[in-house]
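Here's a quick briefing to read alongside the model. Have the backbone torsions to hand, then zoom out to the sheets and the overall numbers.

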Amino acid sequence: MLAGCTPWPTEFADLYRERGYWQGETLGAFLRERAHRFAERTAVVGAGQRWTYAELDARADRTAAGLARMGITAGDRVVVQLPNRPEVFEVVFALFLLGALPVYALPAHRRAEISYLCSFTEATALVVADTDGGFDYRELAEQVRAETGGPEHVVVAGDTGGRPGMTSLEQVREGGGAGPGATAVPEPGDVAFLQLSGGTTGLPKLIPRTHDDYLYSVRASAEICELDTGTATVYLAALPVVHNFPMSSPGFLGVFSAGGTVVLAPDPGPATCLGLVETEGVTHTAVVPPVAMLWLDAVEGGAQAHRDLSSLRVLQVGGAKFSAEAARRVGPVLGCMLQQVFGMAEGLVNYTRYDDPEETVATTQGRPISPDDEIRVVDSDGTEVPPGALGELHTRGPYTIRGYYRAPEHNAVAFTSDGFYRTGDLVRRTPSGHFVVEGRAKDQINRGGEKVAPDEVEDHLLAHPGVHDAAVVAMPDRFLGERVCAYVIPRGESPARAELLRFLRGRGLAAYKIPDRIEFVAEFPATGVGKVSRRELREAVRAAHVPTD
Ligand code: J2J
């Protein structure tokens, strides 16, 4: 396994193979097999393009050969920051074929995040779009290079604009010849990619997922979601596809496993997405709660009321808690089934099942994929609570990691000594085994599904000369669930809010992490005796202030 990763103990790995979870397939071989089986079916629609499985496979092959010619090889890390365009699949499958590891960055990430990902993973290449949504990713790549001195290669999906040291994806593909370019075939037990965690402390942690474990979660998810090869699935990727939810729950990989079509939405707005549902005959899609709410409002007497949504069978909602009231509106307003999904890039994914009672679907966040997902709901001492009581969810299983990448100190806290991942989620379990997510024991802000580590934002604020101290907390919000609120003790005269926001943007922080609100205070509340942890401080600040809008 890749250095810096924690393998499953042998007895678990053996068990997971014996039970048929780990089938010894790689993600590259997975696509190749589908490309043969479903050759003429449409695999991807987006950005004005339509590719069959055979076309996607041929492109991935040529791109893999081109990347190999550039010197990218098995085990190399490649930061991939691409919006929802078909090229994203070409690039990640090419990397899988080579055994190189995509490191998934979100399109919203900026210099701070991309520089960190490139340096921390010692990436040999960065793949970006030219421009998207008015933002120039080539400029970002240049800034990252100036800051980090790397990565060696920058590949641009689109036009390089003549920038030195950048290669267009087309040049890569054309330079690749007929392929195959792979020099070493990756092992199914190898790490296939690094996914980003929401993060609780400082900088985001990286999640190493193997071909074997990830493909199990994909196959099992496709089965739970009844994506079979006989009926045509048309899946709308409304969220950025590099996120774990639209990638694997069952996501584009689940859809590819069943020979379905993935339609890429450039944005999650109701006009774009409901328009695509109508024109492309979308059957399944996945969104976060605020997006679901926008769609519901737009259809219920809103601007999208005229849409024919009759093709839509399932709306998956996950990433943050979906309220029971909103959940109950889905069937009547959109005319489709709701499926709640409570998942995490670290592994464990829970689904409500299609045959669950309506009340279960409206009020729970689902139950685990696998009979071998081991679950403990524990109190703050780590002792299991009685059935039905509130506690923190710990889990271990055939597709849940045993450790983050190159993070031994954090791993000692995030995992129990017997390998359970401490999710930081506070849950109750119903007698049927479904979870109700009630809150969080971890230090994280869930801004409508986008995860923010308060630490990270505080560190950036503290770098401002006018900031003496800062505490970043979640602020309840009707639409997003939570927003980011920063309490700041100024050093001397308060800096202007606008100046602080400009400062944070200037540090290259993704927009969703920039505080929605900044409150200046003279001091933080006392938190009792002894050394105060940042966490206790944040709790005290939140309890004392609780902004209400
Ligand atoms: C409450 N909290 C939820 C839900 C995730 C499928 C779906 C989502 C993710 C994801 C994912 C929640 N109700 N329905 O990877 O494959 C919060 C929890 C969890 C954290 C994980 C997937 N669904 N959450 O959201 O890695 O706090 O994965 O631990 O981004 O989101 O975040 P992330």
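A47 is exposed in this predicted model, with a relative accessible area of 54%; the cut-off for that label is over 50%. You'll find A47 in the loop between β1 and β2. Its phi is positive, about 50°, even though A47 isn't a glycine.

- As background, most residues other than glycine have a negative phi, and most peptide bonds are trans.
- E122 is another non-glycine with a positive phi, about 50°, and it sits in the loop between α5 (111–121) and β5 (125–129).
- The bond from G150 to P151 is cis, with omega near -15°; P151 belongs to the loop between α6 (137–148) and β8 (153–157).
- There's also a cis peptide bond from S249 to P250, again with omega near -15°, and P250 lies in the loop between α9 (244–248) and α10 (251–257).

**The nine-stranded sheet**

- Going across this open sheet of 9 strands, the order is β2-β1-β13-β12-β14-β15-β16-β17-β18, and the pairing is mixed.
- β2 (49–52) and β18 (367–368) are the edge strands with a single partner each, so one side of each has no neighbour in the sheet.
- Strand β1 (residues 42–46) pairs with strand β13 (residues 261–264) in the parallel sense, over 2 bridges.

- Strands β21 (residues 421–429) and β22 (residues 435–440) run antiparallel and are joined by 5 bridges.
- D425 has R440 in β22 as its bridge partner.

**Whole-protein numbers**

- The secondary structure comes to 18 helices and 27 strands.
- The radius of gyration is 23 Å, which agrees with the value near 24 Å that a compact globule of 549 residues would have.
- The C-alpha trace spans about 65 × 55 × 55 Å along its principal axes.
- Buried residues make up 60% of the 549.
- Of the contacts with a separation of 6 or more, 69% are between residues 24 or more positions apart.

Conventions:
Residues are numbered from 1 along each chain as its sequence is written. This is a predicted model: local features need pLDDT of at least 70, side-chain atom pairs count only at pLDDT 80 or more; totals for chains, interfaces and linings use all residues. Side-chain values use heavy atoms; hydrogens and water are left out. Helices (H or I, at least four residues) and strands (E, at least two) are DSSP runs, numbered from the N terminus. The radius of gyration is taken over C-alpha atoms; the globule rule is 2.2 Å times the number of residues to the power 0.38. Buried means under 20% relative accessible area, exposed over 50%, partly exposed in between (1.4 Å probe, protein chains only). Contact means heavy atoms within 4.5 Å. Two strands pair if DSSP finds at least two bridges between them.
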